[in-house]
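This briefing works through a single protein chain, from its overall make-up to selected side-chain pairs. Please keep the sequence and the model open while reading.

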Amino acid sequence: ARVGGDAFAAGAVFDHNTAQVFGGGLAVFGTAMLTDTLFLCNSSQSQGGGAWINGTAIITGTAFLCNSSLAGSGGGLYTASSLTITGTQFTSNTAQSQGGGAWVTGRLSGQQVAFLQNQAIQWDGGGLLAVGDAVFTDSEWISNTAQNHGGGMLVAGATTLARPQIRGNRATVGDGGGMYAASAITITQARVNSNDATRGGGIYLLRGGAAIVNSLFAANLASTTIGTAIYLSSSGSVEVVQSTFSGSSFVNGSAVFLEAGTLNVTNTIFASHAIGISKAGGTAVEDYSLFDAVVVPRDGGIQVGANSFTGTALFIDPNHDDYHLSPGSAAIDAGVNSGVTFDFDGDARPIGGGYDIGYDESISGGAHIDTDQYVNGDAYPDIDSDNDSNTYIITNADGNYDSSNCVHSNANFGAD
């Protein structure tokens, strides 16, 4: 469909369409509002394999599945302006150039958005490429791939991520397996695990400052062994507070690498790495750090914290990605008041006699709710916002889309 002005779609299905230029399923030259809509296996030669939107877009409860941009960017979606998106997923989309799942030019605001198994074949942003500022809440980037930078995402503007899951993404020959950040980042309650890249397996920061709080970085890898979890190239100031860096087994490399700028680390666990913090330039200060099975805790002239020590973190089950603290962990009550009043799970800090080190505040005799609730084989976030059975998407055990599980009805499409 090609719309010269503004457009809205509710409960519509765009299925196996092609376009010689852009917008394989839908091209909108004005603003667009999409609700409970499915884009399935559409393709374009240029931008926006599933949809291309020139104006401001609002997208709710929608799925972009198996769409492709054969010679351009934005395999699932390409927007040339700002985007507000809620309860939507991008699965198995491909772009020959950049933004396998989506390319967004303007400001981006997302809530409960999932990017799964998308691919940027030649360049950057396997799941997402965002040119402007981006704010996401409760969103996921899982098993996306970019040939160059940003396996999960590449964001050029300032980025704020609250409770993200960034897992199993890859930058094949570039940096930032989970995320390539070209500007300042604020990340809270993040789970960043099993991503890999040349440098910065979890996150690569190019410019700007950063605040990383209550976050878990686990089993990330860098082929150069430099910054397996985080690589800091920026000249800005970076704060890492109440976080945990570990491998499910021993990781040959530095968890955090500082090339320039200033790094301050407080109340943080480093476990199962050859090097905890490594510095080639800039200034790094750490205190109240726990080093567990780290051969070289600090490398390159890092200021040693008077309250840091070597001990046993005693994670519950790192082989199954559970890095909560067991009773008897050396991290319990060994931290300082960092100004953070809750932990990764939302539990209050402190509990008991003092502040714990790491992303978890231990609950003696209690149980944590696993916030990593959306896994392959489950119904993905309910993308049908008004419960009218327009569209439900379910993935198989291998995470691939199964068309037999897609139900749609009552489709209508309008334009003005």
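A residue is called buried under 20% relative accessible area, exposed over 50% and partly exposed in between, with a 1.4 Å probe and protein chains only. The model is predicted, and for that reason local features need pLDDT of at least 70 and side-chain atom pairs count only at pLDDT 80 or more, while totals for chains, interfaces and linings use all residues. Residues are numbered from 1 along each chain as its sequence is written, and side-chain values use heavy atoms, with hydrogens and water left out.

**Overall make-up**

- The chain has 44 strands and zero helices, where both are DSSP runs numbered from the N terminus, helices being H or I with at least four residues and strands being E with at least two.
- Of the 416 residues of the chain, 57% count as buried.
- The accessible surface of the chain comes to about 14,100 Å², and 50% of this surface belongs to carbon and sulfur atoms; the areas come from the Shrake-Rupley method with a 1.4 Å probe, and for residues only the protein chains shown count as cover.
- Taking contact to mean heavy atoms within 4.5 Å, residues 24 or more positions apart account for 67% of the contacts in the chain with a separation of 6 or more.

**Aromatic rings**

- Rings of Phe, Tyr and Trp (for Trp, its six-membered ring) pair if their centres lie within 6.5 Å, and the planes count as stacked under 30 degrees apart, as edge-to-face over 60 and as tilted for the rest.
- By this rule there are 19 aromatic pairs.
- One of them joins Phe64 and Phe90, which are stacked because their ring centres are 4.7 Å apart and their planes stand at 5°.
- Phe64 belongs to strand S11 (residues 63-65) and Phe90 to strand S14 (residues 83-91), so the pair ties together parts that are 26 residues apart in sequence.
- Both partners are buried, Phe64 with a relative accessible area of 0% and Phe90 with 1%.
- Phe64 and Phe90 also belong to one aromatic cluster, together with Phe14, Phe39, Phe115, Phe136 and Trp141.

**Charged side chains**

- A salt bridge is taken as a side-chain nitrogen of Lys or Arg within 4 Å of a carboxyl oxygen of Asp or Glu, and the structure holds five salt bridges.
- In one of these, Asp175 pairs with Arg199, with the closest N and O atoms 2.9 Å apart.
- This pair links distant parts of the chain, 24 residues apart, with Asp175 in the loop between strand S26 (170-171) and strand S27 (179-181) and Arg199 in the loop between strand S30 (196-197) and strand S31 (203-205).
- Asp175 is buried at 5% relative accessible area, whereas Arg199 is partly exposed at 26%.
- The charged end of Arg199 also sits over the ring of Tyr231, 4.8 Å from its centre, under a rule that asks for NZ of Lys or CZ of Arg within 6 Å of the ring centre and within 35 degrees of the ring normal.
- In another salt bridge, the side chains of Arg298 and Glu286 meet at 2.7 Å, N to O; Arg298 is partly exposed at 24%, but Glu286 is buried at 1%.
- Glu361 and Arg349 form a further salt bridge, their closest N and O atoms being 2.8 Å apart.
- Glu361 and Arg349 are 12 residues apart, and both are in the loop between strand S43 (322-325) and strand S44 (412-415).
- Glu361 is buried at 0% relative accessibility, and Arg349 is buried at 6%.

**Two single residues**

- Ser44, in strand S8 (residues 43-44), is buried at 0% relative accessibility.
- Val304 and Val285 are 19 residues apart in sequence and 6.7 Å apart in space, C-alpha to C-alpha.
- With neighbours within four places in sequence left aside, Val304 is in contact with Glu286 and Arg298, which are the two partners of a salt bridge described above.

**Nonpolar surface**

- Phe8, Met33 and Ile58 make a nonpolar surface patch of about 260 Å²; patches are made of residues with over 30% relative accessible area and no salt bridge, with like charges joined within 9 Å and nonpolar side chains (Val, Leu, Ile, Met, Phe, Trp, Tyr) within 5 Å.
- Phe8 lies in strand S2 (residues 7-10) and is partly exposed, with a relative accessible area of 38%.
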